[in-house]
Amino acid sequence: MCERQQAGRLSRRGLVFSTGAALLAPAAWAAAPAHRARPAAAAPPAAAEVPLTPEAAMARLMAGNGRYVAAKAIHPNLDTARRRLVAGAQRPFATVLACADSRVAPELVFDQSLGDLFVVRVAGNVVDDAVLASIEYSVIHLGSNLVMALGHERCGAVKATADALDGRPSPEDAETRIAALAALIAPAVRAVPVDAADKVDAAVSLNAAQAAAEIFAGSRPLRARVLAGQLKIVAARYDLDDGRVTPAKSREIA
């Protein structure tokens, strides 16, 4: 069974890099302009009350990041009423696959509240069966209409993979499971152009694109929703220095 699962992953990864389906081009969208601070009472309505289209969900994420970058975060709905509202059920408007890095917290980066985001975090923001199943659950059962694979500047998991591929593995990683992460990140590192000015940073963007493409290629239900225009799967890069999230423009998925 393990061999069949491994073959499935390799097949999906081959689709990602051989056909370019769902791969994301390096040209980036400009982050939404910062908004002025406003009281919590004026925060966006709870996602459970107002279902969002994929486009509206993306706009809401980027507006929140604009506030965060401008140091005008409103920290919406972090009160007892909100906690009670979402205690019985959740309806996150977006799903974020992010690195487990302590500096990359999607709820803060996007200035969102309890129940707004379904967040899956793992070092290197990689996709395996458990991660993909979690994302499928958020879309199919909870109603998320946007999935973002979020890489970040100076990702330690990406750098460790690049170092290992260059013949400089960390001796501290011996007898750990860290190699399992590196195996999933390695295709992105190998795909970096030889003339890239910063190979690790280029690999970060490619790794996020690979994750987005793995989600599309690996899940038939999610793929059907994307092709029907009901779901968007995007990749993005988070800058540790200025806090800005830069989504990549996606090619047409076919």
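**View 1. Strand E4, residues 146-152, is largely enclosed by the rest of the structure.** Seven of its seven residues are buried, so the strand is largely enclosed; buried means under 20% relative accessible area with a 1.4 Å probe, counting protein chains only. Strands here are DSSP runs of E with at least two residues, helices are runs of H or I with at least four, and both are numbered from the N terminus. Leu146, Met148, Leu150 and His152 point one way from E4, while Val147, Ala149 and Gly151 point the other way. This is a predicted model: local features need pLDDT of at least 70, side-chain atom pairs count only at pLDDT 80 or more, and totals for chains, interfaces and linings use all residues. Residues are numbered from 1 along each chain as its sequence is written, and side-chain values use heavy atoms, leaving out hydrogens and water.

**View 2. E4 pairs with strands E2 and E5.** Two strands pair if DSSP finds at least two bridges between them. With E2 (residues 94-98), E4 pairs in the parallel sense over four bridges, and here Val96 stands opposite Met148 of E4. With E5 (residues 232-238), E4 also pairs in the parallel sense, over seven bridges. Look for Gly151, whose bridge partner in E5 is Arg237.

**View 3. Helices H6 and H7 cross at roughly 75°.** By class, that makes eight nonpolar, one polar and one charged residues. Ala, Val, Leu, Ile, Met, Phe, Trp, Tyr, Cys and Pro count as nonpolar, Asp, Glu, Lys and Arg as charged, and the others, Gly among them, as polar.

**View 4. Helices H8 and H9 cross at roughly 100°.** The axes of H8 (residues 199-218) and H9 (residues 220-227) come within 6 Å, and these helices are therefore roughly perpendicular to each other. Ile215, Phe216, Ala217 and Gly218 of H8 meet Arg220, Leu222, Arg223, Val226 and Leu227 of H9. Sorted by class, the contact holds six nonpolar, one polar and two charged residues.

Definitions and conventions
Axes fitted to C-alpha atoms, helices over the stretch in contact; angles between N-to-C directions. Buried < 20%, exposed > 50% of the residue type's maximum accessible area, 1.4 Å probe, protein only. Parallel < 35°, antiparallel > 145°, perpendicular 65-115°, else oblique. Contact = heavy atoms within 4.5 Å.
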